[in-house]
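I opened a new structure today and wanted to know how its inside is packed. My notes are below.

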Amino acid sequence: MSVQTLPENIRAATTSPEAFKPRSDLVRTLLERGHVYQATDLEGLDTAALAGPISAYIGFDATAPSLHVGSLVQIMTLRRLQQTGHRPIVLMGGGTTKVGDPSDKTSQRPMLTDDEIAANLAGIRRAFAPFLRFGDGTTDAIMVNNAEWLEKLGYIEFLRDYGVHFTINKMLSLEFVRSRIENELPLTFLEFNYMLMQAADFLELNRRHGCTLQFGGSEQWGNIVNGIDLIRRLEAKPAFGVTAPLVTTASGVKMGKTVAGAIWLNAEMRSPYDYWQFWRNTEDADVGRFLRLFTDLPLAEIARLEALGGAEINEAKKVLANEATTLLHGREAADTAAAAARSAFEEGRLSSDLPTVEVTSDALAGMSNTALMIAAGFASSNGDARRQIAGGAFRIDGQKVVDAGALVTVTATEAELRKGNARKRLVVI
């Protein structure tokens with residue numbers, strides 16, 4: 001096994017379900033739902049999945065206090081695994097976060113303290129409960145932290161046990177390493193060790209939990225193959241790797257990246273209403289793909305919805321918003337968000353279920369339009385607010401705001417704040 005282009009038949013099978021006819025529910029579901037970009041051995045994985053429950057993992061480093069929509073395709077991959085009778089392993093990167101994955105970065109990640117990592121771990125653990133069933137059963141998900149074994153390794157022990165199985169030649173061939181070198185961007189020795197640590201994770205999970213499959217994003221291909229190679233060398237066992245495609249919108253924007261910031265999977269950081277609106281604003285061309293990836297709707301129903309044309313496609317977007325929000329926040333929250341949106345946008349009146357910004361009258365008296373936009377979560381900085389106001393994106397009670405520096409003029413006890421055509425806030429004085 002090496003970090004090379006896959007054979008033509010396997011590469012085709014990863015991109016077209018018609019090119020490969022799986023026998024297992026797992027591989028068929030992954031292909032039909034759009035979760036596969038590359039795979040090391042689809043036929044071997046298909047056979048293994050037929051033989052009985054397999055264990056598979058995805059690692060999540062603790063670089064933020066919550067996961068966001070960019071991680072949702074990975075979480076849904078683990079959900080598909082469990083739905084088809086297999087066991088998901090959620091690997092928390094308490095150890096690897098201290099190094100930082102350089103695979104999709106052009107510069108080193110900021111170094112976090114132990115306390116910051118612990119706080120982030122506590123936050124992101126919450127994201128998995130709505131999607132996975134945890135427990136002690138054969139197919140129940142488990143959650144482990146790689147700090148358990150990585151932090152116990154001595155430096156010389158690590159080099160002797162793992163470093164001997166990796167050549168510098170092979171490590172230099174990885175795309176992110178070549179990119180850094182060719183662009184004369186620094187790659188620290190600390191970051192260079194990350195691929196060894198991830199391979200050690202796969203090996204350790206194989207030994208502890210019989211894990212034979214690693215999922216990851218497309219940028220993780222080299223790291224995954226390294227782990228498979230290490231298991232083959234030290235355990236003489238087969239292992240498999242599957243990467244998911246990088247999810248971008250039809251207009252080329254990376255999934256979860258918006259002007260307003262990340263779409264967090266934490267209700268305190270992104271309200272259920274705003275989460276619902278994010279999905280409601282999906283581009284027409286993405287509706288079918290997102291329904292397959294991010295909902296449990298039957299494929300036949302998804303085919304019907306994505307075939308809708310004209311204004312009817314908006315009904316499909318509402319279904320997407322309802323289903324995606326239900327998975328994360330529950331049906332009641334989804335229904336409340338849908339009702340609030342209907343009240344605010346379709347019936348033209350304010351809803352008490354809209355996200356609320358509370359401002360004292362004294363504070364409002366000296367508040368600029370720019371400051372109010374930031375307080376409402378519509379802008380991340382003064383400069384961002386000024387740019388959006390200049391583009392005509394901000395309205396107060398239906399009136400377009402044209403002067404970013406002017407003081408807010410609100411005389412009632414409530415006012416509607418609107419950003420563009422899709423996001424609303426209720427400001428309460």
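**Entry 1: the cores.** I am working from a predicted model. I looked up the largest nonpolar core first, and it has 66 residues. Leu72, Ile75, Phe215, Leu265, Trp279 and Phe294 have the most contacts inside it. Helix H16, residues 313-329, gives the most to this core, with 7 residues. I also found a second, separate core of 31 residues. Leu150, Met171, Met195 and Phe202 are among its members. In soluble globular proteins, nonpolar side chains tend to be buried together.

**Entry 2: Phe215.** Which residues does Phe215 touch, leaving out those up to four places away in sequence? I listed Leu30, Ala56, Tyr57, Ile58, Thr77, Leu78, Leu81, Ile224 and Val242.

**Entry 3: helix H20.** I took residues 382-390 next, which form H20. Its buried residues are Asp384, Ala385, Gln388 and Ile389. Seen down the axis of H20, they fall within an arc of 130 degrees, so they line one face of the helix. An α-helix has 3.6 residues a turn, so residues three or four places apart point the same way. I then checked the face turned away from the buried side of H20, and it carries the exposed residues Arg387 and Ala390. Gly392 follows H20, and its phi is positive, near 75 degrees.

**Entry 4: Ala236.** I noted a positive phi of about 55 degrees at Ala236, although this residue is not a glycine. Where is Ala236 found? I placed it in the loop between helix H12 (221-235) and strand E6 (240-244). Is Ala236 buried or exposed? Ala236 is exposed, with a relative accessible area of 67%.

Conventions:
Residues are numbered from 1 along each chain as its sequence is written. This is a predicted model: local features need pLDDT of at least 70, side-chain atom pairs count only at pLDDT 80 or more; totals for chains, interfaces and linings use all residues. Side-chain values use heavy atoms; hydrogens and water are left out. Helices (H or I, at least four residues) and strands (E, at least two) are DSSP runs, numbered from the N terminus. Buried means under 20% relative accessible area, exposed over 50%, partly exposed in between (1.4 Å probe, protein chains only). The arc is that of the directions from the helix axis to the C-beta atoms. A nonpolar core is a set of buried Ala, Val, Leu, Ile, Met, Phe, Trp, Tyr and Cys residues joined through side-chain atoms within 4.5 Å. Contact means heavy atoms within 4.5 Å.
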